[in-house]
Structures are given as C-alpha cells and as structure tokens.
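Here are some questions on the terms used for this model. Each answer sets a value against its cut-off.

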Amino acid sequence: MTTLPMAILPWREPEHAASLLDAAKEEAARFLASLPERPVRAPASLDELRGALSLPLPEGPSNALENFHDFVQAMDRGIVASPGPRYFGFVIGGTLPVSLAADWMVSAWDQNPGLYATSPATSVAEETAARWVLELLGLPRESGVGFVTGCQMANFTALAAARHAVLARAGWNVEDEGLQEAPPLAIVMSEEAHVTIHTALRYLGIGLRRAKLVRSDGQGRMDPSDLRRVLSTLRGPAIVCAQAGNVNTGAVDDLATIVEAAREHGAWVHVDGAFGLWAAVSETKRHLLRGFELADSWATDAHKWLNVPYDCGIVIVRDAAAHRGAMGVRAEYLEQTAGAERDELEWVPEFSRRGRSVPVYLALRALGRSGVAEIVDRCCAMARRMAETLGKENGVAILNDVALNQVLVRFGSSDEITREVIARVQKEGTCWLAGTVWQGRAAMRISVSNWSTDEEAIDRSADAIVRCFRGP
Ligand SMILES: *Cc1c(COP(=O)(O)O)cnc(C)c1O
C-alpha cells in the first residue's frame with residue numbers, strides 16, 4: 001500500500017489555525033494602530049514591490065506562519081493608508097472595526113450564501129440587512145435587494161431589471177429573446193453620468209450610442225428642462241438614469257422633477273447613488289434627495305459611506321418581480337426554497353459568492369440609525385471645514401457648492417499649478433487626494449468618506465496642502 005504525502009495534513013491541527021489567526025490579529029492591529037501616523041501614500045516603488053513579492057512559484061509546502069509574517073512585511077510598504085483619517089482620494093470609505101471583525105467571521109465561516117440551504121444563518125442575516133437598508137433609506141419595503149461587489153454591479157443589476165420591465169411592457173421577453181430583434185430601447189442620462197453606467201450599457205448589450213445625453217448645470221446636475229426636451233423626442237421603452245452624488249461635486253440631481261418628467265413618458269427611473277444615497281439618513285441632508293423614493297431602482301455602495309470593508313454594493317428595485325425576473329435562477333440541482341426563505345442568488349448576477357451582507361448587518365446593528373447619520377453628517381461637516389480653510393488662502397478657489405462630502409479646489413491661475421500642488425501633496429504624504437478635470441479645468445478632488453476623519457485630520461491635511469501650494 002502506498003501512502004500519500006502528508007505535508008499539509010498537520011495544518012488540520014487546531015493549533016495551526018489558531019497560531020495563524022493570532023498572527024493575523026497582531027498584524028492587523030499593528031496596521032490599524034499605524035494608520036494615524038504612517039505616510040498615507042504607499043512609499044515603495046514598483047521595482048521594490050516586485051523584488052519583495054514576485055517570487056518563483058514554490059514547488060511545495062513550507063511553513064505557513066513564516067510565510068504569513070514574511071508576506072505581511074513584504075506588503076507593508078506598498079499599502080496605501082486609505083482606511084485612515086487623512087485619505088481623501090476618489091470616493092473611498094474606511095472600515096468600521098465592527099465590520100472588519102464581521103468580515104473575518106465571513107472568511108472563517110466560509111459559507112457560500114447563494115442559497116438558504118448553503119447557509120441558513122447568512123440568508124437570515126442578509127434578509128434582515130436588506131430590510132434595515134430599506135427602512136434606513138426610507139425606500140419601499142416591498143423592493144428587491146441584492147448585495148453585489150460594488151456600485152458598478154448595482155447599476156448593472158438595476159438596469160437589467162429596468163430592461164426586463166420596460167421591454168415586458170412592450171410585449172418583449174428580453175431574457176428569452178435577447179435584444180437583437182427587440183423594440184428599440186432608449187437610455188437617457190446626463191453628460192455627468194458615472195462611467196459605470198456606460199459600462200453597464202455595454203454589458204447589457206444596449207450599447208453606448210443608444211444613450212441620449214441630457215445637459216447638466218454648473219454643479220453637474222441634470223437639467224430637467226433639457227430632460228423634458230429629450231424625452232419628448234422618444235417613443236417606446238425608455239430608462240432614465242439619474243444621479244445622487246456626482247463624483248466630482250457631490251451634487252444631487254433634482255430627482256422629484258426628473259421622476260415626474262419620466263412618469264409622463266412611462267420611463268423607468270434609476271438613481272445611481274453610490275455614496276449620495278446615504279445622505280437620506282441625515283436629517284439635515286435628506287432634503288437634497290427630495291423625491292428620490294419615487295424612483296424605480298437605486299444603486300449604492302456600502303463600502304463607501306457605510307464604511308464596511310471591500311467589497312459591497314447594494315442594488316434596490318421597487319418592482320421585486322422585475323428584479324428577480326432579470327436575475328433569478330432555477331435549476332433542479334439547486335435545493336431551492338418555495339420562496340419563504342431568501343435564496344440570495346436570486347437578486348444578483350453572481351452565483352457563488354461571499355457573505356458580503358454580513359458586515360453590513362453588523363454595521364447597521366452596531367451603529368443604528370443615528371450612528372449612520374453621524375458618519376454622514378461628520379463627513380459633510382469635515383468637507384466644509386476643509387473648504388473653508390483652503391478657501392481663505394489667496395489664490396485658492398473652491399469650485400463647487402460643498403453640499404455633501406466632496407470639495408473641488410483650484411490653485412493659482414493655471415491647470416499646471418493645480419496639478420503640481422496635487423503631485424506635491426501626494427508625495428509629501430500627510431494626506432492623499434487625486435486630481436480631476438472639472439468643466440474643462442484641472443482641479444484637486446477631496447472626498448471625505450471616512451468615519452474616523454476628525455477636525456485634527458482636516459486641519460493637519462489643510463496645512464500640508466497650503467504648504468505645498470506656497471512652495472516646495
Ligand atoms: C464609486 C461610484 C460608482 C462605482 O462604484 P464601485 O463600488 O466602484 O463599483 C458608481 N457611481 C458613482 C456615482 C460612484 O461614486
């Protein structure tokens with residue numbers, strides 16, 4: 001009788017897993033403790049990282065704990081302190097410790113929560129998180145909710161549901177028949193629609209050229225009168241994509257007027273609210289979203305303003321049957337329920353997936369309604385503080401109305417100066433932010449999306465930015 005090699009069988013010993021998890025806890029805690037002071041940018045060069053990480057494929061097993069420590073050390077200089085309080089790049093949230101802990105359990109449990117049968121507890125946690133999200137945002141309780149990788153897939157899923165519904169009304173079953181001979185489908189969006197809406201149109205076989213563009217105003221809001229003009233040229237099935245939270249300015253479209261105009265034409269209204277939708281939780285900001293609850297579908301991110309770890313987006317569709325009609329899956333070899341229990345895969349493009357609703361569940365349970373509102377309100381107040389501080393400086397202009405958490409800044413009299421200040425700030429390392437182009441001109445884009453950003457973080461960052469502007 002031959003015996004198989006047993007190199008990894010000792011990994012079954014409970015002590016083996018425990019020693020690795022203890023190490024992970026230590027390394028993770030050390031990393032989190034370093035966030036307030038470590039340089040925000042990643043200091044290592046590409047060559048340095050390849051030198052440290054790009055090893056030949058090992059021929060066989062080696063000590064897992066040693067590998068773990070060496071690996072974490074090799075990664076460290078290439079890690080961006082984006083979960084820290086002075087990271088303002090793109091629109092990137094941090095992570096609440098409680099959600100991080102929940103995420104660790106998701107990995108330890110290693111469930112495949114596509115079906116109730118594969119993880120009953122995850123299914124119930126997810127249906128509860130879904131209900132809480134609807135209650136918190138004030139959206140229709142009968143809506144379908146899916147937990148996807150991010151707002152890209154939330155936009156995709158919502159537009160798939162929209163495509164299903166508006167074509168069904170025109171007598172066409174798009175899931176069975178496809179689009180090749182379908183009635184023409186019009187997509188209406190502003191020139192400021194996020195690029196992930198464009199991508200969704202590509203994935204859905206609708207095509208970018210099918211989009212009718214509506215003008216936007218100086219803050220990036222869709223112009224409702226131009227929307228009426230565009231809608232009046234259309235016949236047949238139509239979908240309007242509106243936006244809550246422009247990636248540059250944070251501006252929210254006039255959703256009440258957009259919904260009203262779309263209704264007159266029988267069009268579906270989708271709202272891309274990747275971060276802006278969370279403003280609905282704040283008593284002082286909710287008015288910006290007036291009418292948003294009248295739309296047909298919504299896409300948002302939990303990994304941005306709710307500050308759960310990557311990755312987690314949320315799609316919400318008022319007509320749950322259309323949502324399921326677009327995404328639902330049935331097969332004999334799946335142990336599917338009659339419908340009383342939630343099979344998570346019915347609401348998302350993924351089949352197998354991660355229990356990404358679990359960190360959302362625990363974030364909402366630990367924060368409650370006022371805790372979420374506190375994160376939103378504080379981020380907005382910190383954005384205002386940043387704008388006020390920088391705006392006092394001679395030669396610095398704030399380009400947007402800072403209504404939410406986004407600030408656009410311009411330095412001196414040319415694009416070149418603005419780009420130079422951004423490059424200096426990135427290199428200096430006190431904080432990190434990126435550049436953008438706003439209405440044809442270079443701008444610094446500051447996004448405050450982290451629960452831990454406080455006055456001290458803003459003041460220190462504003463000082464660094466001003467120093468970089470005044471001279472090298
Ligand atoms: C971030 C963002 C997206 C894309 O979200 P991901 O989570 O990166 O997929 C879409 N729309 C808007 C307005 C965004 O800010």
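Q: Why are H6 and H8 called oblique to each other?
A: The model is predicted: local features need pLDDT of at least 70, side-chain atom pairs count only at pLDDT 80 or more, and totals for chains, interfaces and linings use all residues. Residues are numbered from 1 along each chain, and side-chain values use heavy atoms, without hydrogens and water. The axes of helix H6 (residues 151-169) and helix H8 (residues 195-203) cross at roughly 50° and come within 9 Å. Angles under 35 degrees count as roughly parallel, over 145 as roughly antiparallel, 65 to 115 as roughly perpendicular and the rest as oblique. H6 and H8 are therefore oblique.

Q: What makes the contact between H6 and H8?
A: H6 gives Gln 152, Asn 155, Phe 156 and Leu 159; H8 gives Thr 196, Ile 197, Thr 199, Ala 200, Leu 201 and Tyr 203. Contact means heavy atoms within 4.5 Å. These residues divide into 6 nonpolar, 4 polar and no charged.

Q: Why does Gly 60 count as partly exposed?
A: Its relative accessibility is 39%. Partly exposed lies between buried (under 20%) and exposed (over 50%), with a 1.4 Å probe and protein chains only. Gly 60 therefore counts as partly exposed.

Q: What makes S1 and S3 edge strands?
A: The open, mixed sheet has 7 strands in the order S1-S7-S6-S5-S4-S2-S3. Two strands pair if DSSP finds at least two bridges between them. Strand S1 (144-148) and strand S3 (211-214) each have a single partner strand, so one side of each lacks a neighbour in the sheet.

Methods: Axes fitted to C-alpha atoms, helices over the stretch in contact; angles between N-to-C directions. Helix = DSSP H or I, 4+ residues; strand = E, 2+ residues; numbered from the N terminus. Nonpolar A, V, L, I, M, F, W, Y, C, P; charged D, E, K, R; others polar.
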